[in-house]
Amino acid sequence: MAELSKPGILPAEAISALVTQGAIATKRLLDADQIQPASLDLRLGRTAWRIRASFLPGAGRTVKERLSELALHELDLGSGAVLETGCVYLVKLFEHLKLPFDLAAAANPKSSTGRLDVFVRVITDGARAFDTIPAGYSGPLYLEISPRTFPILVRTGSRLSQVRFRRGVARLSDLELLNLQESERLVDAASPDVAAGGIALGVDLAGEALSGFQGFRAKRHTGVVDVDQPGDLEVEDFWEPIRVRRNGGTPSLVLDPDAFYILASREAVHVPPDYAAEMVPFDPLVGEFRVHYAGFFDPGFGSAAAGGVGARAVLEVRSREVPFILEHGQTVGRLVYERMAGRPERLYGADLKSHYQGQGLKLSKHFKPFAGRDGGA
């Protein structure tokens with residue numbers, strides 16, 4: 001298979017081949033929908049450990065060794081367990097890697113995980129950085145989990161994180177990105193801001209993505225969110241909808257310190273079939289807030305061929321230690337694009353029951369559709 005030797009992000013078919021060859025091993029068969037167009041979902045194992053603090057094992061040390069120093073108690077995930085806000089947990093994942101010498105990987109929270117404000121990071125033996133799996137790595141994978149706003153119910157097999165496999169240099173240069181914007185219209189902006197290999201996204205505070213509403217502010221002291229139960233929760237039990245205030249000026253929003261917001265990009269986003277994209281963390285020089293979670297965008301996101309025309313990027317936003325005024329259109333993040341090693345046979349949203357294709361301002365899949373008084377859907 002050509003995708004196993006070409007540079008770029010591996011598509012689903014090449015990930016399947018890695019499983020067949022044993023480069024990706026698992027203690028039980030993969031779920032039918034576990035392999036996405038350009039990534040692999042990772043599943044929680046049978047035990048979670050409440051730990052004293054987040055950590056990295058460091059060179060020459062295993063996660064298991066450090067766990068013996070930091071574990072407070074164990075939770076059995078077989079029948080489900082609630083992970084509390086403000087606590088840090090560690091779970092060994094079912095997936096185990098034995099990567100070829102020229103293949104590296106990177107992990108990220110799944111979209112639904114980020115939209116719940118659940119902080120997750122993959123850790124490997126000998127790791128000096130989170131979510132970074134070096135070329136040729138052979139060993140287990142662990143997931144650090146820290147719910148920040150809502151307590152969550154998880155169980156063995158729950159999927160909170162995902163991993164992409166990369167060979168060589170796949171990221172586009174500024175010039176390549178500008179050329180691709182010209183030919184494919186990656187974002188619907190008349191004069192796109194391209195710098196440092198990324199294309200800027202502004203925030204929609206005029207209610208374009210959800211008629212009459214700027215976004216949602218998370219409530220505190222809520223009930224539990226079952227991460228495996230979609231479409232079951234009432235929005236206003238967990239979220240405060242934020243209406244657009246029409247005062248004649250530029251729409252704006254004051255971000256409260258340590259509050260969590262779900263907002264949407266002003267621009268629609270398009271990821272062509274031969275590329276993958278990722279939202280990169282916000283530049284702190286732009287202001288005292290950040291897009292809290294980076295995120296993967298699969299080939300076909302926002303594509304007309306896969307039913308995604310007009311799809312916005314959903315933004316998980318936190319202020320820092322001071323209030324910050326965010327204005328409509330202000331830059332809040334950048335999308336970087338990378339070449340695929342091969343085009344996946346099925347694109348995001350094309351018969352994959354993808355939850356966020358064609359999205360506007362949308363909460364995680366766990367909540368019922370929101371319909372505000374102004375007709376939002």
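The model is predicted, so local features need pLDDT of at least 70 and side-chain atom pairs count only at pLDDT 80 or more, while totals for chains, interfaces and linings use all residues. Residues are numbered from 1 along each chain as its sequence is written, and side-chain values use heavy atoms, with hydrogens and water left out.

Eight of its eleven residues are buried, so strand 7 is largely enclosed by the rest of the structure; buried means under 20% relative accessible area with a 1.4 Å probe, protein chains only. Strand 7 pairs antiparallel with strand 11 (residues 138-147) over seven bridges, where pairing takes at least two DSSP bridges. Lys98 has Ser138 as its bridge partner there.

Strand 4 is another antiparallel partner of strand 7, with five bridges, and Ala48 sits across from Val91 as its bridge partner. Asp41 belongs to strand 4 and is buried, at a relative accessible area of 1%. Its C-alpha is 7.7 Å from that of Leu160, 119 residues away along the chain.

Elsewhere, three strands form an open sheet in the order 6-12-17, with mixed pairing. Strand 6 (81-83) and strand 17 (225-226) are at the edges with a single partner strand each, so one side of each has no neighbour in the sheet. Strand 12 (residues 152-154) runs parallel to strand 17, with two bridges.

Key: Helix = DSSP H or I, 4+ residues; strand = E, 2+ residues; numbered from the N terminus. Buried < 20%, exposed > 50% of the residue type's maximum accessible area, 1.4 Å probe, protein only.
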